[in-house]
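Here are a few friendly notes on the aromatic side of this model. Have the structure open as you read.

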Amino acid sequence: MTKKIQSFEFNLKTKTKFGVDIAINLGKYLKGLSLKKIGIIIDGEISKEQYVKEIIKEIENEKFEEVIIWNYDLNEEPDYDSLNKSKLRFLSEEGKTLVDCFVGIGGGSVIDFAKGLATLATNPGPAINYRGFPKNLNPPLPTIALPTTAGTASEVTYNAVFEDKKTKKKMGINTMYNFPVLAVIDPKLTLSCPKSVTLSSGGDALVHTLESYVAVQSNMYTKIFAKEAFKLLFNNLSKVFEEPDDIEIRSNLSFGSYLAGISLMNSGSGPAGALSYLIGPHFNVPHGLAGSVFLPHVVKHNVDGGYNYSELYDLIDNVDKTINKKEKSKLFSQKLFELWEKIGVPNSLTVFGINKGNVDILLKEVEKFEVAFAQNPITFSVDDGKKLLLKMVKK
Ligand SMILES: [Fe+2]
């Protein structure tokens with residue numbers, strides 16, 4: 001019996017406030033944290049929204065000693081050089097920090113950017129010095145995250161993804177200090193999220209859920225989060241494209257994405273998440289979409305290898321629950337392919353400009369992801385990764 005009792009560790013370091021219309025209180029929340037000089041990184045498009053203008057106005061009404069706002073207008077995913085340039089905006093001529101916190105209002109890239117600037121505010125030199133998993137850092141300034149997409153869950157994770165443009169590698173600046181001190185999750189902020197971003201971020205969240213659910217490092221605690229996240233995400237992802245202004249659907253996706261992030265942080269990723277870091281930088285594919293394209297194929301690989309997805313199948317709305325577990329797992333894989341087709345996730349890499357002629361660039365690098373592949377419960381070898389890439393450029 002004792003064999004079934006798991007040992008595990010679980011971390012959730014970010015205080016969370018969740019609710020429709022709560023972001024309007026951001027200024028009060030910052031006051032509550034005794035912060036006096038506020039640095040705000042905000043997605044340039046989002047900054048034009050009426051609701052966001054009201055949030056900023058409320059912050060100004062709180063009469064902080066300093067409020068510096070920087071509009072994030074990068075079209076690409078963030079890189080180390082952009083961090084170096086924008087940190088100057090928050091420094092005095094003597095190189096001293098002008099703020100005592102960074103607030104990120106935007107998608108995962110913007111929140112990651114806030115985390116990066118928070119590290120650079122207390123650690124000298126260029127951002128590239130801190131790539132990967134830096135050690136012996138000075139504690140960064142606190143970050144506060146307001147996600148405007150439902151996907152990356154950067155608001156509750158310690159990762160901050162940055163690309164090195166020269167090497168085309170996404171190494172990030174990942175430190176345990178990166179956990180935001182506060183996440184303000186207001187689904188109203190996701191209402192303006194365009195269709196393509198809703199798709200990419202929603203797919204990202206489902207990758208987090210499914211890969212962390214099956215990961216060999218998962219445990220009974222992470223599975224609670226992954227299952228609830230799956231239920232919310234799978235059953236609302238197609239609905240959001242039919243009714244993008246429905247705040248209840250948007251709330252379900254925001255909450256699902258948040259839970260998926262917590263599960264991922266405390267469990268592990270897998271082949272689809274890993275392969276996104278391969279095709280993303282080389283072919284400029286958004287991270288969420290880059291992982292999504294592989295997800296049903298990895299699930300099918302697992303089903304064919306005998307993995308039991310029946311527990312998740314039972315969480316899908318309006319399915320026949322009387323069939324046996326094996327049939328459920330098989331149908332689960334099909335249901336995922338069907339959802340992807342319905343919402344428009346490509347089932348081929350050719351739409352990203354990846355074809356037989358250039359896929360070699362990717363094939364050469366697959367082995368770098370062996371550690372993430374090892375998280376998959378059914379053996380997923382480097383060869384399996386290469387075969388999947390080749391299969392997806394044939395169509
Ligand atoms: Fe992701």
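1. The count of aromatic pairs comes to 18; rings of Phe, Tyr and Trp (its six-membered ring) pair if their centres lie within 6.5 Å, with planes under 30 degrees apart called stacked, over 60 edge-to-face and the rest tilted. F10 and Y221 make a stacked pair, 3.8 Å centre to centre with 25° between the planes. This pair links distant parts of the chain, 211 residues apart: F10 is in the segment before β1 (15-18) and Y221 in helix α6. Helices (H or I, at least four residues) and strands (E, at least two) are DSSP runs, numbered from the N terminus.

2. F10 is buried at 19% relative accessible area, while Y221 is partly exposed at 33%. Buried means under 20%, exposed over 50%, and partly exposed in between (1.4 Å probe, protein chains only).

3. The rings of F373 and F380 are edge-to-face, because their centres are 5.0 Å apart and their planes at 75°. Both F373 and F380 are buried.

4. Ring pairs also join W70, Y72, Y80, F113 and F162 into a cluster.

5. Two lysines are worth a look. The charged end of K17 sits over the ring of Y29, 4.5 Å from its centre, and K31 lies over the face of F64 at 4.9 Å from the ring centre. The rule here is NZ of Lys or CZ of Arg within 6 Å of the ring centre and within 35 degrees of the ring normal.

6. A word on reading this: the model is predicted, local features need pLDDT of at least 70, side-chain atom pairs count only at pLDDT 80 or more, and totals for chains, interfaces and linings use all residues. Residues are numbered from 1 along each chain as its sequence is written, and side-chain values use heavy atoms, leaving out hydrogens and water.
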